[in-house]
Amino acid sequence: MQRFAFNLHSRDGAARCGTITTSRGEIRTPAFMPVGTAGTVKAMLPGSVRETGADILLGNTYHLMLRPGAERIAGLGGLHRFMNWDRPILTDSGGFQVMSLADLRKLTETGVTFRSHIDGSKHELTPERSMEIQRLLGSDIVMAFDECPALPAEGSRVAESMRLSMRWAERSKAAFGDRPGHALFGIQQGGVTRELREESAEALRAIGFDGYAVGGLAVGEGQEAMFGVLDYACDMLPDDRPRYLMGVGKPDDIVGAVKRGIDMMDCVLPSRSGRTGQAFTRRGVVNLKNARHADDPRPLDAECTCPACRSYSRAYLHHVFRAGEMISGMLLTWHNLHYFQEIMAGMRKAIAEGAFAEWEADFHATRAAGDIEPA
Ligand SMILES: [Zn+2]
């Protein structure tokens, strides 16, 4: 079986361009991972997601363990077969979503017990159970089970939580075992405190992981604080392993993260926004529900090659959103995912050519110009 590997091809400043090899195919980095929460990237067929340029999807342990259940998915051949996506899948550990979605959570050294937000049933997640669920799903990149306090949080609470996550990281590694072709990533915590980030990175390096995530960011601290942490946090993690920034983000967050040495990211934003009439374009966010588009025969973005821009007018996209037609979410999700992958491809090319600064300047200048004038 093809072993998990990471090869860096080029660097430009702190930005890196490389390839992650898995038994289910290669992932070009920097990579953006669309989120397939409950076994689907909402409003998209897997083949369409692939067409936008995605090499890997993210699946959510919390959602899948509650519905339809990890054992059921395993019995049906695993998540890849179940959702008809044969390329790599990364699964989160469930920790973050238990904290944000579940009812009546009880946190102990062992793990978390909680009630399902769907039917109130009682469940437990521990590092061991999280590893088991991710194995049952057939995940290619497994995340260590961690706990993440929402920011702002008191310093002592952040430190306590980070140290618990490091003990859980060790248990995750032991429970994961030796699984050739599959990878286990550790997650750095420590909020926005440099000393805690260093302590966390040291603990993770001592355990040893196939990749390292920067966790506990994009939870309300703001972009400036996030970039401030990334300025030092990336350097604390092994240079020869992929670095994954969880749950990020908006296009300018993504660009700023890659500039600081991040290789992988995921976010629900392109798909979620697509269902609420919001399009991300080279010229910033365009709100299709706005009446200014009602008579506009022009495409959303004349230079975009996605189906929404190639075959439909702004007037049509406005109409189907207002009419509540399903094609609205389908087209805008496709466009948004396509645009996010275009940003990634643009950055990979720029890093390879040593032209990241020029690419970044152009990215910001085009956005600053704003949307085209009303027709
Ligand atoms: Zn488009």
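This briefing describes the sheets, the helix packing and the pockets of one protein model.

The model is predicted, with local features requiring pLDDT of at least 70 and side-chain atom pairs counting only at pLDDT 80 or more, whereas totals for chains, interfaces and linings use all residues. Residues are numbered from 1 along each chain as its sequence is written, and side-chain values use heavy atoms, with hydrogens and water left out. The model contains an open sheet of 8 strands with parallel pairing and an open sheet of 3 strands with antiparallel pairing. Helices (H or I, at least four residues) and strands (E, at least two) are DSSP runs numbered from the N terminus, and two strands pair if DSSP finds at least two bridges between them.

**The sheet of 8 strands**

- The strand order of this open sheet is β4-β14-β13-β12-β11-β10-β6-β5, and because β4 (31–34) and β5 (57–59) at the edges each have a single partner strand, one side of each is left without a neighbour in the sheet.
- Neighbouring strands are turned by 25 degrees against each other on average, direction ignored, where axes are lines fitted to C-alpha atoms, for helices over the stretch in contact, and angles run from 0 to 180 degrees between N-to-C directions.
- Strands β11 (residues 183–188) and β12 (residues 211–214) run parallel and are joined by 4 bridges, with Phe185 standing opposite Gly211 in β12.
- Helix α7 packs on the sheet, touching β10 (141–143) and β11, and its direction makes about 175 degrees with that of β11; contact here means heavy atoms within 4.5 Å.
- Helix α8 (residues 194–207) lies across β11 and β12 and runs at about 160 degrees to β11.

**The sheet of 3 strands**

- The order in this open sheet is β1-β2-β3, and β1 and β3 (25–29) stand at the edges with a single partner strand each, so one side of each is left without a neighbour in the sheet.
- From one strand to the next, the twist averages 15 degrees.
- Strand β1 pairs with strand β2 (residues 15–22) in the antiparallel sense over 7 bridges, and Ser10 stands opposite Cys17 in β2.
- Helix α14 packs on this sheet, touching β1, β2 and β3, with its direction at about 70 degrees to that of β1.

**The α14 and α15 helix pair**

- The axes of α14 (residues 326–352) and α15 (residues 356–369) come within 8 Å and cross at roughly 150 degrees, and the two helices are therefore roughly antiparallel to each other (under 35 degrees counts as roughly parallel, over 145 as roughly antiparallel, 65 to 115 as roughly perpendicular and the rest as oblique).
- Tyr339, Ile343, Gly346, Met347, Ala350 and Ile351 of α14 make the contact with Phe356, Trp359 and Phe363 of α15.

**The largest pocket**

- The largest pocket holds about 920 Å³ of space; on a 1 Å grid over the protein atoms alone, a pocket is an open set of points where a 1.4 Å probe fits, with protein on both sides within 12 Å along at least five of seven lines, and lining residues have an atom within 4 Å of a point.
- Grid points are joined across faces, edges and corners, and a volume is the space filled by probe spheres set on the points.
- Among the 43 residues that line the largest pocket, Phe96, Gln97, Gly247, Asp266 and Val268 are the closest to its centre.
- Helix α5 gives the most to this lining, with 5 residues.
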